[in-house]
Amino acid sequence: MPRIKKYMPFQSMRIELIREAPVRKYQVYNAQSVYDVMCREASRLDRECSWVIPLTGKNHIIGINLVSMGSLTSSVVHPREVFKPAILASAARVILVHNHPSGDPTPSYEDKEITKRLKDAGDILGIGVMDHVIIGNGEYYSFADKGMLNSMAWESGCKLNLKKRRGTVKPKAA
């Protein structure tokens, strides 16, 4: 097998996380606090953009990463680009954010589908999706607030969800 290296040279690669600026310790508590962090950036854009916010176990923001910049009405988002910064930052969970340049934060069918897909991908990776916040003109829509991320809740973080999957939390008697 040592001859493989001679005939098939492979490039050696290394991935590093480089902090570009000092991070102010900021903790998010709910969708409103996510909106407060992102509204200035998201509402000034003339095209749809998507961000991922990796969080620590105590919901401190590790960073804010732009994962897609699209057109006026759409943005292509793939789980690989969403979870790469979260994995590199050793995030416990993430919050998804995108803007609607039209000003109406109501989710489209595609928004609902990608949220489900990203939540499923996060479950596989062990990185919970806490929320998906859509920012419009002076308002926002939160999938978690509307109960569309059923097993994820701000109050419990991902721990409750993991316990349920392991079978250590028993349902309450009716």
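A residue is called buried when its relative accessible area is under 20%, exposed when that area is over 50%, and partly exposed in between, as found with a 1.4 Å probe on protein chains only. The views below come from a predicted model, in which local features need pLDDT of at least 70 and side-chain atom pairs count only at pLDDT 80 or more, while totals for chains, interfaces and linings use all residues. Residues are numbered from 1 along each chain as its sequence is written, and side-chain values use heavy atoms, with hydrogens and water left out.

**View A. Asp-46 and Arg-47 are joined by a salt bridge.** A salt bridge is a side-chain nitrogen of Lys or Arg within 4 Å of a carboxyl oxygen of Asp or Glu, and here the N to O distance is 3.3 Å. With a relative accessible area of 53%, Asp-46 is exposed, whereas Arg-47, at 35%, counts as partly exposed. A search of the whole structure finds five such bridges.

**View B. Glu-41 and Arg-44 also meet through their side chains in a salt bridge.** The N to O distance in this pair is 3.1 Å. Glu-41 is partly exposed at 32% relative accessibility, while Arg-44 is exposed at 58%.

**View C. Helix H4 covers residues 109-125.** Helices (H or I, at least four residues) and strands (E, at least two) are DSSP runs, numbered from the N terminus. The expected span of a helix is 1.5 Å times one less than its number of residues, so the 17 residues of H4 should span 24 Å, and the 25 Å between its end C-alpha atoms agrees with this. Among the buried residues of H4 are Ile-114, Leu-118 and Ala-121. The opposite face, turned away from the buried side, carries the exposed residues Tyr-109 and Ile-124. Just after H4, Gly-126 takes a positive phi of about 80 degrees.

View D. Lys-119 is buried, with a relative accessible area of 11%, but Asp-123 is partly exposed at 23%.

View E. The side chain of Arg-93 does reach the backbone oxygen of Thr-56, at 3.5 Å.

Conventions:
Polar contact = N/O pair within 3.5 Å; in protein donor to acceptor, adjacent residues only side chain to side chain.
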